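Visitor: I would like to learn how to read backbone features and pockets in a model. Please take them one at a time.

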Amino acid sequence: MVLNFRFAVVSDLHITLPHTIWDHPSRFHLVEVSIPAFESVIEHLTQLNLDFLLLPGDLTQHSEPENHLWLQSRLAKLPFPTYVIPGNHDVPVLEANEQSIGFADFPKYYRKFGYENPQKLYYTHQLLPGVRLISLNSNFFNAEGELVGRLDPAQLRWLEEVLAAADEELVLVMVHHNVVEHLPEQSRHPIGKRYILENSAELLDILRRYGVKLVFTGHLHIQDIASSQGVYDITTGSLVSYPHPYRVLEFQQDNYGRQWLQILSHRVATVPDFPNLQDSSRQWMGDRSLPLLVKLLTQYPLNLPLIEAKKLAPSLRDFWANIADGDGLLDYPEFPPAVREYIQTYGAIAKGIPTLIDNNSTLLLG
């Protein structure tokens with residue numbers, strides 16, 4: 001069977017009806033644009049003859065029932081199937097409170113979008129003949145009651161059972177937390193580690209054993225493609241954070257069995273009230289980045305004194321915007337050598353050569 005299909009990935013929508021906006025002076029999320037930005041994306045995607053759409057989590061601002069209901073209604077009107085998973089913002093509490101739905105309630109809102117069994121927060125679905133989606137729940141409340149990124153043992157056992165039965169199918173995996181590191185030493189870094197699965201090594205081992213090559217993630221709000229021993233983790237930036245990206249992907253297989261995945265990224269450039277969204281959003285992010293940058297400089301591995309970090313941080317105003325952009329080439333020659341070298345590791349350089357694959361690329365899968 002020769003496989004050829006087209007799909008899209010739109011991540012971290014953070015859908016927020018105007019009356020539910022939770023404001024905070026340091027928030028990075030420009031949730032004011034969540035609905036018009038999503039409408040702009042849908043207007044484009046409906047012209048492309050898509051086979052399906054993937055939404056890898058953080059569908060809502062803070063899991064407000066009315067925001068879930070709005071999205072549920074909007075997705076029901078799309079001309080192509082859509083599949084969702086929860087992000088940490090979608091299941092922030094075990095039991096429902098005055099703001100958020102409960103952890104176990106999430107599937108009940110999305111029965112038409114993957115959750116045919118509303119008793120589980122993970123599922124599998126045959127997208128097309130020979131193509132299977134496995135959607136995982138990476139949200140886990142630990143013994144201290146903290147919400148972390150982890151796959152529980154029962155889910156991992158289920159995953160192996162599904163993969164064993166799907167040996168003749170192309171498998172796509174969707175999960176909110178990152179599986180492969182997208183930032184330097186992400187799994188150890190005080191800032192980056194909360195965005196990657198705590199047991200990512202265990203998941204990667206299973207995926208490699210069963211020949212799974214494609215994983216689609218969100219959560220980190222950056223455009224990045226990373227790989228580990230043949231497994232690609234394609235993470236897509238947030239629709240409410242600069243640069244407001246989404247991806248259109250085309251899988252192709254020829255008569256000789258060779259497989260390619262072409263990835264094209266797009267950005268929302270304008271919405272009502274934000275006619276120059278790219279510029280105003282980049283400014284918004286820079287205005288709120290100083291605390292993050294000071295933390296980056298004072299924590300592992302640089303561990304700079306606070307006074308030095310505060311001196312350097314303003315020069316890094318656009319640092320996170322450049323990371324979110326994808327394909328960033330970062331250099332601050334005026335910085336001390338150790339700091340300069342460390343900042344460069346966040347850029348799109350592989351063995352000293354610019355490797356611009358984060359936004360538009362073609363992966364040869366085999």
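This is a predicted model: local features need pLDDT of at least 70, side-chain atom pairs count only at pLDDT 80 or more; totals for chains, interfaces and linings use all residues.

Visitor: Is the peptide bond from Tyr-242 to Pro-243 cis or trans, and what is omega?

Guide: The bond from Tyr-242 to Pro-243 is cis, and its omega is near 5°. A cis bond also links Tyr-300 to Pro-301, with omega about 5°. Pro-301 belongs to the loop between H7 and helix H8 (306-312).

Visitor: Is Asp-58 buried or exposed?

Guide: The cut-off for buried is under 20% relative accessible area. Asp-58 has 1% relative accessibility, so it counts as buried.

Visitor: What are phi and the burial class of Asp-327?

Guide: Asp-327, again not a glycine, has a positive phi near 60°. Its relative accessibility is 19%, and therefore Asp-327 counts as buried. The residue is placed in the loop between H9 and helix H10 (337-344).

Visitor: Now the pockets. How is empty space found?

Guide: A probe the size of a water molecule is rolled over the atoms, and this shows where empty space is left. Here the largest pocket holds about 780 Å³ of space.

Visitor: Which residues lie nearest the centre of the largest pocket?

Guide: Ser-26, Phe-28, His-29, Arg-194 and Tyr-195 do, out of 26 lining residues. Helix H7 (residues 290-298) gives the largest share of that lining, three residues.

Visitor: How does the lining of the largest pocket divide by class?

Guide: Eleven of its residues are nonpolar, ten are polar and five are charged.

Visitor: How much space lies in the second largest pocket, and how many residues line it?

Guide: The second largest pocket has about 560 Å³ of space. Its lining has 27 residues, and those nearest the centre are Asp-224, Ile-225, Gly-347, Ala-348 and Ile-349. Strand E10 (224-228), helix H9 (319-325) and strand E14 (349-350) are the elements that each give two or more residues to this lining. The largest share, four residues, is from E10.

Visitor: What are the classes in the lining of the second largest pocket?

Guide: The lining of the second largest pocket has twelve nonpolar, ten polar and five charged residues.

Terms used
Residues are numbered from 1 along each chain as its sequence is written. Side-chain values use heavy atoms; hydrogens and water are left out. On a 1 Å grid over the protein atoms alone, a cavity is a set of points where a 1.4 Å probe fits but cannot get out, and a pocket is an open set with protein on both sides within 12 Å along at least five of seven lines; lining residues have an atom within 4 Å of a point. Grid points are joined across faces, edges and corners, and a volume is the space filled by probe spheres set on the points. Ala, Val, Leu, Ile, Met, Phe, Trp, Tyr, Cys and Pro count as nonpolar, Asp, Glu, Lys and Arg as charged, and the others, Gly among them, as polar. Buried means under 20% relative accessible area, exposed over 50%, partly exposed in between (1.4 Å probe, protein chains only).
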